[in-house]
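Colleague: I'd like to go through the labels on this one and hear what backs each of them. Could you put the model up first?

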Amino acid sequence: MDFEPFLRHFSTNMNCSNQTIRSYRNDLTLFEAFLKQHSIHTLAQIDHTIITNFIQHMHDMANPRYGRIGLADATIGRRLSSLSSYFEYIRATSNPKLRNP
């Protein structure tokens, strides 16, 4: 998936900091890797169940920064916000029938 047009749009129109854009890029890249692991290749294949599985994946993943398992709820929330914003961008720019799961 090509996230760069979305990130440029977000950076320009939402006046976000470079750190926010870097975080969103990392969030989307992590989600893309998760999708590849589960043989999901199109946005149309993503539904509520996939998002629920992604949330569980984030709760189960190693968090070496804090020496524990699972990401903080705030991090998970930001990652979901990144995904939601990306889906809304795709809906607005190229695929109005796409559902935001």
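Colleague: What makes R79 count as buried?

Modeller: Its relative accessibility is 14%, and buried means under 20%, so R79 counts as buried. Bear in mind that this is a predicted model.

Colleague: Where is R79 found, and what is R79 in contact with once its neighbours within four places in sequence are left aside?

Modeller: R79 sits in helix 4. With those neighbours set aside, its contacts are D27, L30, M58, M61 and L71.

Colleague: Helix 2 and helix 4, then. Why are they called roughly perpendicular?

Modeller: The axes of helix 2 (residues 18-37) and helix 4 (residues 73-93) cross at roughly 85°. Angles of 65 to 115 degrees count as roughly perpendicular, and therefore helix 2 and helix 4 get that label. Their axes come within 9 Å.

Colleague: Which residues meet there?

Modeller: From helix 2 you have S23, Y24, D27, L28, L30 and F31, and they meet R78, R79, S81, S82, L83, S85 and Y86 in helix 4. By type, the residues of that contact divide into six nonpolar, four polar and three charged.

Colleague: What about helix 1 and helix 2: what makes that pair roughly antiparallel?

Modeller: Helix 1 and helix 2 pack at about 155°, their axes 10 Å apart. The label applies over 145 degrees, so helix 1 is roughly antiparallel to helix 2. The crossing of helix 1 with helix 2 is right-handed.

Colleague: Which residues make the contact of helix 1 and helix 2?

Modeller: Helix 1 brings E4, F6, L7, F10 and S11, while helix 2 brings I21, Y24, R25 and L28. Sorted by type, the residues of the contact are six nonpolar, one polar and two charged.

Colleague: How do you know that the buried residues of helix 1 line one face of the helix?

Modeller: The buried residues of helix 1 (residues 4-13) are F6, L7 and F10. Looking down the axis of helix 1, these buried residues fall within an arc of 95°, so they line one face. There's a general point behind this too: an α-helix has 3.6 residues a turn, so residues three or four places apart point the same way.

Colleague: And what is exposed on the other side of helix 1?

Modeller: R8 and T12 are exposed over there. As for the buried residues of helix 1, what covers them includes helix 2 and helix 4.

Colleague: Take F6 by itself. What makes F6 count as buried?

Modeller: F6, in helix 1, has 2% relative accessibility. Apart from neighbours within four places in sequence, F6 is in contact with Y24, L28, S82, S85, Y86 and Y89. F6 and I90 are 84 residues apart along the chain, with their C-alpha atoms separated by 8.1 Å.

Colleague: What about N53: why is N53 called partly exposed?

Modeller: N53 lies in helix 3 and has a relative accessible area of 37%. Buried is under 20% and exposed is over 50%, so N53 lands in between, as partly exposed. N53 and F34 are 19 residues apart in sequence, and their C-alpha atoms are 9.5 Å apart in space.

Colleague: How do helix 3 and helix 4 cross?

Modeller: The axes of helix 3 (residues 48-60) and helix 4 come within 10 Å and cross at roughly 150°. The crossing of helix 3 and helix 4 is right-handed. I51, F54, I55, M58 and H59 of helix 3 make the contact with D73, I76, R79, L80 and L83 of helix 4. That contact divides into seven nonpolar, one polar and two charged residues.

Colleague: Last up, the loops. What is the phi of N15, and what makes N15 count as exposed?

Modeller: N15 has a positive phi of about 55° although it is not a glycine. N15 is in the loop between helix 1 and helix 2. Its relative accessibility is 70%, and exposed means over 50%, so N15 counts as exposed.

Colleague: And why does S39 count as partly exposed?

Modeller: S39 comes in at 49% relative accessibility. Exposed needs over 50% and buried under 20%, so S39 counts as partly exposed. S39 sits in the loop between helix 2 and helix 3, and its phi is near 55°, a positive value in a residue other than glycine.

Notes. Residues numbered from 1 in each chain as written. Predicted model: local features only at pLDDT ≥ 70, side-chain atom pairs only at ≥ 80, totals over all residues. Heavy atoms only, no water. Axes fitted to C-alpha atoms, helices over the stretch in contact; angles between N-to-C directions. Helix = DSSP H or I, 4+ residues; strand = E, 2+ residues; numbered from the N terminus. Parallel < 35°, antiparallel > 145°, perpendicular 65-115°, else oblique. Contact = heavy atoms within 4.5 Å. Nonpolar A, V, L, I, M, F, W, Y, C, P; charged D, E, K, R; others polar. Buried < 20%, exposed > 50% of the residue type's maximum accessible area, 1.4 Å probe, protein only. Arc of directions from axis to C-beta. Left-handed = near helix turned anticlockwise from the far one by under 90°.
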